[in-house]
Amino acid sequence: MARKVQDYKTDVHNNWCPGCVLPETPIHTNPNLKPIEQIRVGDHVLGLDGHYHRVTEVYRHRHLGKMYRVKAKCFGETVLTPEHPVLIARRLHPKRHNERFELIWERADRIRKRDYVAYPIPSEIVDVERLPLPKKLPMDRRSTPLPEEVEVSAELLRLTGYYLAEGWIDTRSAVKGGIDAAVCFSFHIEEREYVEDLKEIIHRLFGLEAIVKEKPESHQVSIYVNSSRLARAFREWFGSGAANKRIPYFMMLLPLQKQWELLVGLWRGDGWVDSTRPRAHYKTISKTLCEQMKLLLLRQGIAPSIHTSKSSGIHQTSYAIYVMGKRDFPRLAEILGLPRRTLPSGKPPSTVFVKECLRDVTDADQLHRFVMVPVAQVDSFEYDGEVWNLEVEDVQCYVSGNAILHNCGDFGILNSIQMTLSQMELEPHRVALFSGIGCSAKTAHYVKVYGTHTLHGRVLPFAIGAKLANPELTVIAVGGDGDGLGIGAGHFVNAGRRNVDLTYVLYNNGVYGLTKGQASPTLKLGVQTKSLPQPNVNQGINPLLLALSAGYTFIARGYAFDIPHLIRLIQQGIEHKGSAFIDVLQPCPTYNDINTKDWYGGLDRLNEQGKPIPRVYKLEEQGFNPVVRPGMSDEQIQDKLAGVVERALEWGDRIPIGIFWKNEATSTYEERISQRIPFYREAPPAKRMVHDGSHRPTADVTAFFEELRVT
């Protein structure tokens, strides 16, 4: 039977991550904004690269202790656990903006006032020419026929802005003409120009005549468009009710020039422009619409300032989007078609765009990459309650209302193990998983198979014992670099000598993450992470070369942030007959600030196009062949070994991942035992009867005890 990943998760599956945020934290998703607790696996969230990426896990746990509130100057606040990493740049001068921004992941409790939080600007551009209307319902016989689709033109976008600002759906049957629903708008009586524009758009796009009703006593003009089908389309596209208004996702990706008309319609409806100062604002009670408008403006090179007014009496919580200053206001004025005017001098903008763009670009590479927003305040408070985090494909981060938030690499490895078991459709009762001590230790608790959380450095003896007792089991051992190559180094070497058919996955982050970041056996000589008072004084072990010399017949290296590739390696390790060792490079966001995800991804070095040059590369993409087959000559095997050593020594600018060594010519330990004990496979220790039905032992050891009797 086909098995799902959920089948391999226990009742105490972690749903926990070292860094988490409060429930109700708004997260930018595709297609709108959601509180983090409403996000599900398979949803797509905005990442630091300006694109949307799939959520692979949702974690939650109970947190008792401090929470840190990080307030950005223009974009509001996010509340996080102390160790949650946030993408920031340090402020280099207390009164001037940085000239250069070095982005780092920093814990929430180490962020300082005036530092900058980085905020991504959506970079994906997808033009859409036609928009289909919902199908006509069988009972809808009285509505005027509508076209099956409408052009995504400047007029449609301006109409969208009008509706989001001033529109609603009237479902009362009393609407003139007996139609069950109508699309309605309301303008000030002096805004006749917009009323006429709206009437013409409705007629040209849909062939409908709008009904206009003036209300002099309230200084309003109401416009009614009687069409149940159009009302249903508007409800599906834009939402119904002022607090639920939203911009459809495809409009958020349109070319920048097209989006101008959307902003025009919005501002004509609920916007305001100061006639004496460089200042404009837009007001809404829809949190989603507010955040979407922020992203639209950022794409245009405008950094707005968001102000929230809390609910009071009959008034709901509202959000004001301000555009101010000599940098941002003229850009908005150009979009809105306002006349140019001399602006008074004022303060420099509080935000900084990392990359400039022109208003008429259509190439996503020319968009701003980040806007840097100063931190206005960081404070803390005690909390006892649930907190949440996400695991996100590819970028391993997601975006809140004011910051880019990281997640943890531990769970990339855990997810890879669970996904591998699912893809291989291994029966859980035929798998045993053993873990040592460290960041990896809880893995045995979180995977729904047999297994044991063992002693420090002793995971391999446990795993070997289980495999030899029952050779039909699929046995996996997991441990950290300190656990396996420190106190457990002797067992690591002897496990390789035996070539027992099991898979050992090493979580390698260069530090003892469980005990506050001391140097582990794999940290290079002279490297000083932020947890070390002085550079590392010991030589670092090369796990791949140690495994090769010990006799492991399958040796590979994976990367915790490349889950699909890691899944393939674990599967091949399990399928290999013999001892499989997989060294997994795992950035530790808490203690190892040298070998970070950004470092592995090459963000500290850029090519001529300004794009990072990743350090990690895949051996299989370079044509590397690691396989040793029966019958190969000694010379051929020596050539293979030389290639393994050469690649295993690569570090720094180029770091290979993939399979380094796959020896199919050496017999397994179980095969050697079978040659000495012919019935071993048919009757291994785990399958032998030790008592009869009455619980009497089946073995007679009387003669043995007689031999030992002392007379």
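1. Helix α5 covers residues 256-270, 15 residues in total. From first C-alpha to last, α5 reaches 21 Å, close to the 21 Å expected at 1.5 Å a residue. Bear in mind that this is a predicted model.

2. α5 is mostly covered, with 11 of its 15 residues buried. Among them are both Trp260 and Trp267. The buried set also includes Leu256, Leu262, Leu263, Val264 and Leu266.

3. On the whole chain: 18 helices and 33 strands. Of its 711 residues, 53% count as buried. The C-alpha atoms fill a box of roughly 120 × 65 × 55 Å along the principal axes.

4. Lys73, Lys113, Arg114 and Lys347 form a positive surface patch. Lys73 sits in the loop between β4 (52-72) and β5 (76-80). Lys73 counts as exposed because its relative accessible area is 53%, above the 50% cut-off.

5. Arg114 lies in the loop between β7 (103-107) and β8 (116-120). With 41% relative accessibility, Arg114 counts as partly exposed.

6. Glu24 also has a positive phi, near 75°, and is a residue other than glycine. Glu24 is placed in the segment before β1 (26-30). Its relative accessible area is 64%, so Glu24 is exposed.

Key:
Residues numbered from 1 in each chain as written. Predicted model: local features only at pLDDT ≥ 70, side-chain atom pairs only at ≥ 80, totals over all residues. Heavy atoms only, no water. Patch = residues over 30% accessible without salt bridge, like charges linked within 9 Å, V, L, I, M, F, W, Y side chains within 5 Å. Areas by Shrake-Rupley, 256 points an atom, 1.4 Å probe, with all protein chains shown as cover. Salt bridge = Lys/Arg side-chain N within 4 Å of Asp/Glu carboxyl O. Lys, Arg positive; Asp, Glu negative; His and termini not counted. Charge placed at Lys NZ, Arg CZ, Asp CG, Glu CD. Helix = DSSP H or I, 4+ residues; strand = E, 2+ residues; numbered from the N terminus. Buried < 20%, exposed > 50% of the residue type's maximum accessible area, 1.4 Å probe, protein only. Expected span 1.5 Å × (residues − 1).
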